[in-house]
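These are my notebook entries on a structure I had not examined before. I set down what I looked up, one topic at a time.

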Amino acid sequence: MIKVSPSPIPELKAFLMPFRRHFHRAESIHVLERYAAGLLTDLEYKSGAAVAQAVAGLSASALYRLLGQSVWDAKAVDRQRVETMLQPAVVGDGVIVVDDT
């Protein structure tokens with residue numbers, strides 16, 4: 001049931017590169033890219049085990065190490081995520097509205 005190839009998605013890898021400063025190990029940013037790639041799939045359930053099974057080059061143990069044992073500041077990563085996503089949203093005169101309906 002592999003849904004994501006073992007090669008990193010170039011655009012996703014580029015998006016995540018600025019976040020590298022939050023992670024002390026090179027493996028962490030690789031696992032983060034693989035995990036994010038899995039979250040972008042059409043999997044019905046996106047548990048760690050299901051994502052690891054669907055993404056080539058990702059093991060459940062590596063994912064659980066990143067999410068549960070690695071030292072990184074989740075709030076700092078989230079702040080940077082919001083700042084990164086706001087940058088293109090405030091360019092020009094347009095407005096983007098996201099509504100769940």
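**Entry 1: Glutamine 53**

I began with glutamine 53, which I located in helix 3, residues 48-54. The model is a predicted one, and I read each entry with that in mind.

Is glutamine 53 buried or exposed? I found its relative accessibility to be 51%, and exposed means over 50%, so glutamine 53 counts as exposed.

I then looked up its contacts, leaving out residues up to four places away in sequence: glutamine 53 touches Met1 and Ile2. I also checked lysine 3, which lies 50 residues from glutamine 53 in sequence; their C-alpha atoms are 8.8 Å apart in space.

**Entry 2: The largest pocket**

At least two lining residues come from each of helix 1 (10-16), helix 2 (26-39) and helix 5 (74-89).

By class, I listed 14 nonpolar residues and two charged ones in the lining, with no polar residue.

**Entry 3: Alanine 36**

Beyond residues up to four places away in sequence, alanine 36 touches Leu12 and Leu16. For leucine 16, 20 residues away along the chain, I noted a C-alpha separation of 9.4 Å from alanine 36.

Conventions
Residues are numbered from 1 along each chain as its sequence is written. This is a predicted model: local features need pLDDT of at least 70, side-chain atom pairs count only at pLDDT 80 or more; totals for chains, interfaces and linings use all residues. Side-chain values use heavy atoms; hydrogens and water are left out. Helices (H or I, at least four residues) and strands (E, at least two) are DSSP runs, numbered from the N terminus. Ala, Val, Leu, Ile, Met, Phe, Trp, Tyr, Cys and Pro count as nonpolar, Asp, Glu, Lys and Arg as charged, and the others, Gly among them, as polar. Contact means heavy atoms within 4.5 Å. Buried means under 20% relative accessible area, exposed over 50%, partly exposed in between (1.4 Å probe, protein chains only).
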